[in-house]
Amino acid sequence: MSKKLLLKDAHIEGIRYFETYRKQGGYEAVEKAFKMTPEEITEEVKTSGLRGRGGAGFPTGLKWSFLAKPEGVPRHLVVNADESEPGTFKDRYLMEFLPHLLIEGMIISSFALGAHDSYIYIRGEYAWITNILEEAIDEAKAAGFLGKNILNSGYDLEIYVHRGAGAYICGEETALLESLEGKRGNPRLKPPFPAVKGAWERPTVVNNVETIAAVVPIINITGAEYAKIGVGKSTGTKLISACGNINKPGVYEIDMTISVEEFIYSDDYCGGIPNGKKLKACIPGGSSVPIVPANLLLKTINGEDRIMNYESLADGGFATGTMMGSGGFIVLDEDQSVVEHTMTLARFYNHESCGQCTPCREGTGWMYRILKKILRGDGEMKDIDLLWDIQRKIEGNTICPLGDAAAWPVAAAIRHFRDEFEWYIDNPESQTRNYGMSNYA
Ligand code: NAI
């Protein structure tokens, strides 16, 4: 069983509330951090090797050190809680059950960054969690951990919760900042990165919920001890939200040394596939990362066990590997249709495209319509090449990664399951002609 750092107290009744959280050692990391300098905290985070848990895996300490610090200009920490990636629901779990872990992490991180106004941008659909967070913020404030002169340190901090309105694109950090500023959530060109020009054009660090929560154990056990957990550049623990055809869907904390096979079949985690069905494929990092067939999922191109970490999952690059991404682990058994699954994702990305960049706005619609055409039995062999061509024209040609996220699932599905696309085209009469009708209009 993996070591637990974030969820170790998640089962304790009442841990959502300040009193219980404090009894379990909560906020001791804040007390420890306030005896350190901001630079020392950043150094601990760097030493820990913590990588951004939202999906990109960018080194957190490095991002913090990029924060511009011009005299007299306020800077901000913005926590990205706009968790919208299909298959990803780990931040929801953290915030719902351990809101004080996030707040404690935010206090330490804001102190390290010199921020006095910090924000949690939460997806609109998590309305009940907004209430939980606001209640926890009030409790922390009443206990002297937020507000003016925290623990007599002379440091002031306010945390605000800002609810989004249900647009996936607002999870992209610059669209998020636009939305936070009250504007339409259109992504900005990078550079400048938010660390230089973020919220209200001020230096801003945008970090994922899990990333900021991980700062608490890092301060508690030290960065060096945190770095000993895991392997290579995959240090510490990672939350995985597992769903699809598995016996035990849920949120698991893993230490990034266990194999994919163990994660799927062990009773400690997913508990295998229902009804003894065979594993067909998996999307291990949220819907944006490439789907991989079972054989390539369980073994690397060198024939070694594939491990649940950043390096091993990406082994072989996009041709054979996939990505750790946000840790949204979606399992497909032998009865699932990859073409149908790909169409569902294409519909999602088409719906969520902000429309700013032509390749994404138009290309996602084309991919969706061609996939529907194939599924309703009207496909032609040339459609597969057309799909391939369209996804190639989207990838890398848009302001933000939504375009890539829409292109990669299509590319991986064709790369690994081309025969399935061909089968649909060769067997038009076996298709449900409902596709493209009301259900999928
Ligand atoms: P990115 O690689 O562009 O950036 C990662 C982070 O590093 C950003 O905060 C960026 O500002 C920072 N950064 C990179 N270079 C920098 C530099 N030179 N100076 C300062 N800061 C720098 O990736 P992005 O767009 O933030 O995230 C993409 C990932 O998000 C995808 O891989 C996907 O897995 C994930 N994702 C997660 C979702 C979720 O619900 N958790 C939803 C959709 C996508």
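Two residues are in contact if their C-beta atoms, placed from the backbone, lie within 7 Å. On that criterion, and leaving out residues up to four places away in sequence, Ser118 touches His76, Leu77, Met106, Ser110, Leu157 and Ile159.

This is a predicted model, in which local features need pLDDT of at least 70, side-chain atom pairs count only at pLDDT 80 or more, and totals for chains, interfaces and linings use all residues. Numbering starts from 1 along each chain as its sequence is written.

**Confidence.** pLDDT is the predictor's confidence in each residue, from 0 to 100. The protein has a mean pLDDT of 95, and 98% of its residues reach 70 or more. Residues 433–441 fall below 50, yet this stretch has twelve contacts in the model beyond near neighbours in sequence. Where pLDDT is low, predicted coordinates should not be read in detail. The ipTM is 0.97 and the pTM 0.96.

**Ser118.** This residue is found in strand E2, residues 117–122. Strands (E, at least two residues) are DSSP runs, numbered from the N terminus. Ser118 counts as buried because it has 24 C-beta neighbours inside 10 Å; the cut-off is 20 or more other C-beta atoms, placed from the backbone, within 10 Å of its own. Its C-alpha atom is separated by 9.5 Å from that of Thr204, 86 residues apart along the chain.

The protein is divided into three domains, with bounds from an automatic or database domain assignment.

| Domain | Residues |
|---|---|
| domain 1 | 18–228 |
| domain 2 | 234–333 |
| domain 3 | 338–440 |

The centres of domain 2 and domain 3, taken over C-alpha atoms, are separated by 24 Å. Nine residues of domain 2 contact nine residues of domain 3. On the domain 2 side, seven are nonpolar, two polar and none charged. Here Ala, Val, Leu, Ile, Met, Phe, Trp, Tyr, Cys and Pro count as nonpolar, Asp, Glu, Lys and Arg as charged, and the others, Gly among them, as polar.

The ligand is surrounded by 24 residues, the closest being Gly55, Ala56, Phe58, Glu85 and Phe193. Domain 1 and domain 2 both give residues to the shell, so the ligand lies between them.

**A five-strand sheet.** An open sheet with mixed pairing has the order E8-E7-E11-E9-E10. Strands pair if DSSP finds at least two bridges between them. E8 (250–254) and E10 (292–293) stand at the edges, each with a single partner strand, so one side of each lacks a neighbour in the sheet. E9 (residues 279–283) and E10 run antiparallel, joined by two bridges. Cys282 has Val292 in E10 as its bridge partner.

Definitions and conventions:
Helices (H or I, at least four residues) and strands (E, at least two) are DSSP runs, numbered from the N terminus. A residue is buried if 20 or more other C-beta atoms lie within 10 Å of its own, exposed if 12 or fewer, and partly exposed in between; C-beta atoms are placed from the backbone. A residue is near a molecule or strand if its C-beta atom, placed from the backbone, lies within 6 Å of it.
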